[in-house]
Amino acid sequence: MPFITNENVQIWTLYATVIISVIGFFFNTLSLWQTKRATEDMAKPYINVYVDVYAVKSQQRVYVFKNFGQTPAYIQNIEIDGELDELNSKYRFQSLVGNMIAPGQKLTSYIHSDYKGSIVLKITYKDNKKRSYTDQFTLDTGLAADMLYTINESNKSDEVPTAIRQSTMALLRDLR
């Protein structure tokens with residue numbers, strides 16, 4: 001039966017210290033990697049495309065392209081599966097390709113009032129570090145077809161209160 005000597009205790013203490021240090025180094029490296037990844041995710045652009053509905057004098061619908069991220073998004077490509085309304089079918093949002101959407105910036109395109117279709121839009125964009133992202137959205141323009149709204153105004157549409165209300169509603173719509 002071996003005796004426990006001071007030398008054996010020192011050797012086992014050294015082993016335990018090395019093992020604890022290696023485990024600590026591993027967890028520290030893992031934590032730094034997760035922090036770096038979380039910081040990059042928070043800083044990247046997030047382009048979202050959706051249908052928005054608002055009422056000023058009548059109910060209107062728009063396609064919205066918005067960058068919810070913290071860095072600019074450089075649009076590389078936009079593909080559309082389905083038929084757009086007569087107003088948007090000519091250009092198919094191609095003026096955005098090759099351009100940048102700033103953080104928080106929102107671009108809209110009016111949807112013809114008679115159009116009730118649905119499309120699938122695929123958008124590819126890059127960030128400042130040339131990393132590429134591709135997102136796909138199903139856009140249903142019938143989003144608020146059964147939603148009701150009211151307009152309280154007098155019979156005279158050229159009155160000052162009507163103009164003030166319409167201006168206020170337009171400002172509120174654009175500030176959203």
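Helices (H or I, at least four residues) and strands (E, at least two) are DSSP runs, numbered from the N terminus. The structure is a predicted model, in which local features need pLDDT of at least 70 and side-chain atom pairs count only at pLDDT 80 or more, while totals for chains, interfaces and linings use all residues. Residues are numbered from 1 along each chain as its sequence is written, and side-chain values use heavy atoms, with hydrogens and water left out.

The chain has two helices and seven strands. From the N terminus on, the elements run α-β-β-β-β-β-β-β-α. Of the 176 residues, 26% count as buried. Buried means under 20% relative accessible area, exposed over 50%, and partly exposed in between (1.4 Å probe, protein chains only). The accessible surface of the chain comes to about 12,300 Å². Carbon and sulfur atoms hold 59% of that surface. These areas come from the Shrake-Rupley method with a 1.4 Å probe; for residues, only the protein chains shown count as cover. A contact means heavy atoms within 4.5 Å. Among contacts between residues at least 6 apart in sequence, 64% join residues at least 24 apart.

The strands are arranged in sheets. Two strands pair if DSSP finds at least two bridges between them. Strands of a sheet pair through backbone hydrogen bonds, either parallel or antiparallel. Three strands form an open sheet in the order E1-E2-E5, with antiparallel pairing. E1 and strand E5 (106-111) are the edge strands, and each pairs on one side only. The twist averages 25° from one strand to the next. For such angles, axes are lines fitted to C-alpha atoms, for helices over the stretch in contact, and values run from 0 to 180 degrees between N-to-C directions.

E1 and E2 run antiparallel and are joined by nine bridges. Val-51 has Tyr-63 of E2 as its bridge partner. Val-53 is partnered in E2 by Arg-61. Six bridges join E2 to E5, again antiparallel. Here Lys-66 has Lys-106 of E5 as its bridge partner. E2 is largely enclosed by the rest of the structure, because seven of its nine residues are buried.

An open sheet of four strands has the order E4-E3-E6-E7. Its pairing is antiparallel. The edge strands are E4 and E7, each pairing on one side only. E3 and E4 are joined by two bridges. Ala-73 stands opposite Ile-101 in E4.

Thr-124 is found in strand E6. Thr-124 counts as buried because its relative accessibility is 15%. The Thr-124 side chain makes a polar contact of 3.3 Å with the side chain of Thr-134. A polar contact is a pair of N or O atoms within 3.5 Å; within protein, one must be able to donate a hydrogen and the other to accept it, and residues adjacent in sequence count only if both atoms are side-chain atoms. Not counting residues up to four places away in sequence, Thr-124 touches Tyr-74, Ile-75, Gln-76, Asn-77, Ser-132, Tyr-133 and Thr-134.

The largest nonpolar core has 22 residues. Those with the most contacts inside this core are Tyr-63, Phe-65, Ile-78, Phe-93, Leu-121 and Ile-123. Strand E1 (47-55), strand E2 (59-67), E3, strand E6 (118-126) and strand E7 (132-140) each supply at least two core residues. A nonpolar core is a set of buried Ala, Val, Leu, Ile, Met, Phe, Trp, Tyr and Cys residues joined through side-chain atoms within 4.5 Å. Beyond four places in sequence, the residues touched by Ile-78 include Phe-65, Phe-93, Leu-121 and Ile-123. Arg-92, Gln-94 and Lys-122 are also among the residues that Ile-78 touches.

Leu-84 and Ile-119 are 35 residues apart in sequence, yet 7.1 Å apart in space, C-alpha to C-alpha. Leu-84 touches Tyr-63, Ser-89, Arg-92, Phe-93, Tyr-115 and Ile-119, not counting residues up to four places away in sequence. A polar contact of 2.4 Å joins the side chains of Asn-88 and Ser-109. With residues up to four places away left out, Asn-88 touches Tyr-63, Phe-93, Ser-109, Tyr-110 and Ile-111.
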